[in-house]
Amino acid sequence: MVVLEARELTKCYLPSVPAVRDLSFCLTEGQVLGFVGPNGSGKSTTVKMLTGLLQPTHGQVLWCGAAIQRDLLQYRKRLGYVPEEIDLYPFLSGWEYLELVGTLRGLPRKSLTAKIDALLALFSLAPHRHSAVGSYSKGMRQRIALIAALLHDPSLLILDEPLSGLDVTSAMIVKHLIQTLAERGKAILYCSHVLEVVEKVCSHVIVLRKGRTLAYGHPAELMKSAGQSSLEHAFAHLVEGDDAPQASLASRFSPAGRLSFCAEDALP
Ligand SMILES: Nc1ncnc2c1ncn2[C@@H]1O[C@H](COP(=O)(O)OP(=O)(O)OP(=O)(O)O)[C@@H](O)[C@H]1O
Ligand SMILES: [Mg+2]
């Protein structure tokens with residue numbers, strides 16, 4: 001079942017240059033959609049439109065077939081979101097912050113306490129639960145934000161660079177968690193520069209460049225069509241290659257049909 005749909009999303013901060021242009025995709029239950037692209041390609045702008053934080057200049061975001069603006073409150077109840085830049089109340093402890101989020105989400109006290117304890121333990125934050133969030137490292141704050149996004153058991157998770165600042169162990173936990181949540185039917189949108197992880201955890205990938213969709217398909221198809229053995233190399237071919245290889249790539253992508261590819265975007 002399609003959970004989230006983006007229809008021709010366009011965002012213009014300035015009149016002349018769209019930050020995101022005509023972006024369309026569908027995300028179904030159990031899918032993990034990776035969003036990759038160079039800095040400034042429009043990933044976070046897309047995420048902000050998908051979460052209802054930014055109004056698209058054109059296009060629509062649909063949740064289970066209805067525009068999210070029709071009932072933004074209900075939509076956000078089903079959404080777990082980890083933003084690119086995390087702001088936490090610095091004087092609250094990790095535990096207090098999560099309790100506040102859970103209470104605002106209307107979660108029953110008993111199950112909330114048990115859930116907070118379990119997630120703090122999973123992310124190795126239990127020993128720090130009574131320290132002020134302002135004293136936490138970047139990776140610790142990132143882990144708190146992830147826990148906060150998971151507390152209400154959302155059906156849709158939108159993660160903007162969730163691994164930034166995480167150590168190896170925490171990054172592995174997050175990767176494993178994404179896979180487990182997808183197996184349980186959650187729809188997940190995952191923005192990242194870590195292509196190695198995207199290749200492993202994502203069922204589909206969208207490559208953005210200058211706000212446009214350069215490619216959209218299964219990671220394996222993308223690699224095969226690009227004649228590359230890793231998503232990292234396929235990405236480099238798509239985004240950073242010379243005109244000639246990119247033009248030939250365009251012709252190789254199109255007949256496959258399952259990957260959409262805009263040849264003009266391959267040009268600098
Ligand atoms: N509030 C804003 N006002 C004007 N322009 C903006 C604003 N936010 C983003 N932009 C521009 O929109 C474009 C896309 O930015 P965005 O943050 O979506 O990229 P990104 O893919 O998330 O980049 P990164 O990988 O660095 O996180 C960039 O050119 C950026 O300068
Ligand atoms: Mg970003």
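**Strands, helices and a ligand**

Reply: Trp 63 is found in strand β4 (residues 58-63). Helices (H or I, at least four residues) and strands (E, at least two) are DSSP runs, numbered from the N terminus. This is a predicted model, in which local features need pLDDT of at least 70 and side-chain atom pairs count only at pLDDT 80 or more, while totals for chains, interfaces and linings use all residues. Residues are numbered from 1 along each chain as its sequence is written, and chains are lettered from A and ligands numbered from 1 in the order in which they are written.

Me: Is Trp 63 buried or exposed?

Reply: A residue is buried if 20 or more other C-beta atoms lie within 10 Å of its own, exposed if 12 or fewer, and partly exposed in between, with C-beta atoms placed from the backbone. Trp 63 has 24 C-beta neighbours inside 10 Å, so Trp 63 counts as buried.

Me: Leaving aside neighbours within four places in sequence, which residues is Trp 63 in contact with?

Reply: Two residues are in contact if their C-beta atoms, placed from the backbone, lie within 7 Å. The C-alpha atoms of Trp 63 and Glu 5, 58 residues apart along the chain, are separated by 6.6 Å. With neighbours within four places in sequence left aside, the contacts of Trp 63 are Leu 4, Ile 68 and Tyr 75.

Me: What separates the C-alpha atoms of Val 3 and Cys 64?

Reply: Val 3 belongs to strand β1 (residues 2-11) and counts as buried because 22 C-beta neighbours lie inside 10 Å. Beyond four places in sequence, its contacts include Leu 27, Ser 155, Ala 187 and also Cys 64. Val 3 and Cys 64 are 61 residues apart along the chain, yet their C-alpha atoms are separated by 4.8 Å.

Me: Among contacts between residues at least 6 apart in sequence, what percentage join residues at least 24 apart?

Reply: The protein chain has ten helices and ten strands. Buried residues make up 43% of its 268 residues. Of the contacts between residues at least 6 apart in sequence, the share joining residues at least 24 apart is 67%.

Me: Is Glu 161 buried or exposed?

Reply: Glu 161 is found in the loop between β7 and α6 (168-183). Its phi is positive, about 55°, although Glu 161 is not a glycine. Within 10 Å there are 21 other C-beta atoms, so Glu 161 is buried.

Me: How does Asp 153 count, and what is its number of C-beta neighbours inside 10 Å?

Reply: Asp 153 lies in the loop between α5 (138-150) and β7 (156-160). Asp 153 also has a positive phi of about 55° without being a glycine. It counts as partly exposed because its number of C-beta neighbours inside 10 Å is 13.

Me: How are α3 and α5 oriented to each other?

Reply: Two packed helices are described by the angle between their axes and the distance between the axes. Axes are lines fitted to C-alpha atoms, for helices over the stretch in contact, and angles run from 0 to 180 degrees between N-to-C directions. The axes of helix α3 (residues 94-104) and α5 come within 9 Å and cross at roughly 25°. Angles under 35 degrees count as roughly parallel, over 145 as roughly antiparallel, 65 to 115 as roughly perpendicular and the rest as oblique, so α3 and α5 are roughly parallel.

Me: Which residues of α5 meet α3?

Reply: A crossing is left-handed if the near helix is turned anticlockwise from the far one by less than a right angle, and right-handed if clockwise. The crossing of α3 and α5 is right-handed. Gly 94, Tyr 97, Leu 98 and Val 101 in α3 meet these residues of α5: Ile 144, Ile 147 and Ala 148.

Me: How are α8 and α9 oriented to each other?

Reply: Helix α8 (residues 219-226) passes helix α9 (residues 231-240) with the axes 9 Å apart and an angle of about 60°. The crossing of α8 over α9 is left-handed. The two helices are therefore oblique.

Me: How many residues in the shell around ligand 1 are nonpolar, polar and charged?

Reply: The residues around ligand 1 include Tyr 13, Ala 19, Lys 43 and Glu 84; a residue is near a molecule or strand if its C-beta atom, placed from the backbone, lies within 6 Å of it. Ala, Val, Leu, Ile, Met, Phe, Trp, Tyr, Cys and Pro count as nonpolar, Asp, Glu, Lys and Arg as charged, and the others, Gly among them, as polar. The shell divides into two nonpolar, seven polar and two charged.
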